[in-house]
Amino acid sequence: MLILTCPYCGVSGEETEFHGGGEAHLKRFGPGASEADFESYLFHRENPKGVHFERWRHVNGCGKWFIAARDTATLQVFGTYPAQTTEPPQEIRDKITAARPGWRWRDFA
Amino acid sequence: MSTRLQTGGRLIDRNQRLSFTFNGTPMTGFAGDTLAAALLGNDQMLMGRSFKYHRPRGVVAAGPEEPNALVGLGQGPRFEPNQRATTTELFDGLSAISQNHWPSLNFDIGAVNNHLSKFFPAGFYYKTFMYPRAAWKHLFEPIVRHSAGLGKVTQPGDPDRYEHFYAFYDVVVIGGGVAGLQAALAAGHAGAKVLVMEQSAHWGGRAPVDGVEIDGKPAEDWVSATLQALEDMENVTLRSRLMGAGVYDHGYLLAYERVSDHRPGTAGPRHRLWRIRAGRIITATGAIERPLSFAGNDLPGVMLASAVRDYVVNWAISPGDRTVIVTNNDDAYRTALALQMAGLIVAAVIDARPTATGALPQAVRDAGIRVETGRGIAKVKGRARVEGVALCAQAGEGAVLEEIPCDVVAMSGGWSPVVHLWSHCGGKLTWDAAQAHFRPDPDRAPADQDGAPFVIAAGAANGHLQAADTLRDAAAAGQNAAVALGRDPADGTAARANAVAEEPLLPVWIMPQGAGPDLRSKMWLDYQNDVKVSDVQLAAREGYESVEHTKRYTTLGMATDQGKLSNINGLAVLSDALGSDIPQVGTTTFRPPYTPISMAAIAGEARGDTFLPLRRTPMQDWHDANGADFEPVGHWQRPYTFRRGGEDRAAAVKREITNTRTNVGLLDASTLGKLVVKGPDAGKFLDMMYTNMMSTLKPGRCRYGLMCDENGFLIDDGVVARLDDDTFLCHTTTGGADRIHAHMEDWLQCEWWDWQVYVANLTEQYAQIAVVGPKARALLENLGGMDVSAEALPFMGWADGTLAGHPVRIYRISFSGELSYEIAVPAGQGRALWDTLLAVGTQFGIMPYGTEALHVMRAEKGFIMIGDETDGTIIPQDLGLDWAISKKKDDYLGKRGQARSHMTDPDRWKLVGLETLDGGVLPDGAYAVAPGSNANGQRKTQGRVTSTYYSPTLGRGIAMGLVHKGPDRMGEELEFARTDGTMMRARIVDPVFYDKDGEKQNV
């Protein structure tokens, strides 16, 4: 049972306070998109053993969506940040680099 | 025989005599006894029967590792099976029964299995699956099913209370032995908020029994002084009868408190489940002694050497008159000294080691006790009780050198640290060859959210078996835990224990080492599940190499004790059979809970009415009082129908429909989701959410809308009303309000966060009442207050106003095909308006109707229902809802998904109406069969029923279904398969059965 900190209200809460929403930083492809792009958007997901970026909602709290950067194997949480961004903030990337030098996730490093 | 000694017993109070019964026989014991101790005091060594062979079994241990002494405890609704006699505190009036025998404990028919044991080797159960095929069904399955399960199930009506308790600590110390107390002292001195828990009722663990001296005093004195010191510290909490059950991610810890098991029926809960978040967890959980594997090691009277010591010292129990001690280490010699001190006879100490020259063996020799080295037990003599042992050379094959009469065998194969809690959350182990056990590897501890180790093993649980090392290790653990959490190091010095040097043990996994098949098939590893050395060796011969597979094949360690005694011995035998090292074979996975905890504690308060909180509409009380027959819908209970007099459900539904279609009906529609979507970009946003164009909807008007996910599949539907330029009210399905609200928030927060839109869920703010039927308008006009004429409030319009004095918003929307007004009123006035409508409506023949009438009427009109016509794979185009999909919009959720080739495939099953030829009702979910069979020999199908009802309006069965190219096949007849194999014929028709032109709703 994880502990996560909501970057909006600052609460460090039990996992039961939150609801997971799958992989973060997906780019939406809509009408007119190629079959390959649309397939990738709907179905292709990272499955890392290590650094991962996930969407979480503080569902039994402030209701806000945020993104958590964590290690899927050790469950270390590198940080959380608001969902209104298309890529991880530099500060979070630095924290990951400090803990996992040479990490890479999709095109982010 | 086992008896109570005249003196001694550090835990019992001889002034408090307690009465109890075992299998109906009255017995007595003392306050402070465990049930096992009290049974031994009454010469009841035989406490149960083994699971597979029904062999007679006595108590082996004195703690939670006990595999044999499981009893059914209590009576009536308080009865609980499989309770450990060794951890059950005796109380006055306790009633226990033994298990797994018929007709009685002393004479058990099932013991015939013992003589047939060569037919029940490891994996016999799996072998019965193989051949002949008929034998499984008719011979093996009935036998296996009959013998499966241990103990009787409990009865309903548990009168006790159980609760969950949430707690937060810096440091939680699990184990109240000297290590735990020392660790708590160090962490407490450093200022950490500390919880110390002890699973039993007594603090101090083994040290007082083992004669340890701490700081120059008997351990018992140090324990009392330390307890007092801890109690005086405000930042330290002490709890006994609280067991660390499981360690989980990020310092989450479950602990199980047996609050009133020892005083049943008293105030307060029986069990309490502690849900703890800890910064650091110190596992000071001690160690468990291992049995030795010699022939006949399961006879009643063969016990762990430490347990024999416990019974003598703690409870003044003599397990027998003459004891033979068999060991591979120095520690067991303490048992010889304890027995002699109590005036009991130790016939011999049989030491498998070639020599025994340590201080303890010397003390035993000095006490005049015979010590035999390099010897082992060839076999234990006796049938239902130990009568003697046959000595042999440990290095040989079991040739008997001598027989020694005795009635107790105290065995010690060395000690294994209790690493369960360390391992639950990923802590790894390392093999300590010198002590022949696995202990925690501090470099591979479970890590928390910051990547820091959060479990610290201390004392014997960390492989430090000598008291002096234990205390030093524990003090360091306590100090380190506090410092890791930012506390300043304080007094972290350890108490000093007297050091008694012990010689190394000799790993002994089989006794004697060259034992042949006869002896090996009488050496028990797992007492409860009857797994023997020969079974593990057989598994290895049959190709099992993984310890996890061997465990499941042989059932080694799968009993309720989870292999606490058998694990290491079993994997040592396996590694020997495989010719590999023990660390290479490794251990099986340790999983929570440490010992079984009650299901009731896990459920806590979530029982009966509080199991699932019920959502109630403002009219619920009226429904309760007026014959409502409820059905669950989401977390609501909605009236299915309102039965009158002796009506059955079908008759009531029929009456409600007929009345609604001819007079006027009343529906509690409050459960419908009501989401307000507001903001300058609300129209643009709803254009993305719905397949329809919502931005063109005029204020004052309503529009039916469909919602899809990005796959294009329907997820919800409902009527949207535009309240003003910036504001929409979206109705969702009853179960969908929270889900759709979350769906909207997701897209607003994570995709279009720059759009100015706000969504609020107002579902419970309003009561909503549908007034439905040809006389609906007349009724509302009679109530007065607002103009509800067709001109002022046309079909698919809405208006605010006052009705019978209540502020209302009325929507002219219809899910029944009749003239219909859905009236929203503030929730607090819902019941009043409901009552007024019923009172005034009497003259119009008003009757409330339930969800079944609602469903039938919508089906008569061919309206779809989310969850009936949809199942998460259905797109609107499948349901003939193309009219509700905007062709003008560039984008909406699901548009790209619906353009995929499979979604535009003309071969998709599509919605049609179905009319049975005989007027009967099609079974729900029935498939329309097609000619031919598929590759699996199953009939091909060409459609299925999605909704099916008896229509009182049409006087026949009607249905909707999805049929291959259905709309192109009007008039065709299909065959639908019933579960009994017969067929029912139905004709494909238009799904709108009633008032095809919609004239009745638009008046």
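Predicted model: local features only at pLDDT ≥ 70, side-chain atom pairs only at ≥ 80, totals over all residues.

Mentor: Residues are numbered from 1 along each chain as its sequence is written, chains are lettered from A and ligands numbered from 1 in the order in which they are written, and side-chain values use heavy atoms, with hydrogens and water left out.

Trainee: How many helices and strands does chain B have?

Mentor: Helices (H or I, at least four residues) and strands (E, at least two) are DSSP runs, numbered from the N terminus. The C-alpha atoms they belong to in chain B fill a box of roughly 115 × 70 × 55 Å along the principal axes. The count for chain B is 25 helices and 51 strands.

Trainee: What share of the residues of chain B is buried?

Mentor: Buried means under 20% relative accessible area, exposed over 50%, and partly exposed in between, using a 1.4 Å probe and protein chains only. Chain B has 1003 residues, and the buried share is 59%.

Trainee: Which residues of H13 in chain B are buried?

Mentor: Helix H13 of chain B covers residues 533-541 and is mostly covered, with eight of its nine residues buried. Just after that helix, B:Gly543 has a positive phi of about 105 degrees. The buried ones are B:Val533, B:Ser534, B:Asp535, B:Val536, B:Gln537, B:Leu538, B:Ala539 and B:Ala540.

Trainee: Is B:Asp530 buried or exposed?

Mentor: Look for B:Asp530 in the loop between strand E31 (524-526) and strand E32 (531-532) of chain B. Its phi is positive, about 55 degrees, although B:Asp530 is not a glycine. Most residues other than glycine have a negative phi. Because its relative accessibility is 0%, B:Asp530 counts as buried.

Trainee: And why does A:Arg106 count as partly exposed?

Mentor: A:Arg106 sits in the segment after helix H2 (90-99) of chain A. Phi is positive here too, near 50 degrees. A:Arg106 counts as partly exposed because its relative accessible area is 26%.

Trainee: Which residue is joined to B:Pro512 by a cis peptide bond?

Mentor: B:Pro512 lies in the loop between helix H11 (467-484) and helix H12 (517-520) of chain B. Omega of the cis bond is about -10 degrees, and the partner is B:Met511.

Trainee: What is omega for the bond from B:Pro592 to B:Pro593?

Mentor: B:Pro593 is in the loop between helix H16 (582-585) and helix H17 (599-603) of chain B. The bond is cis, with omega near -5 degrees.
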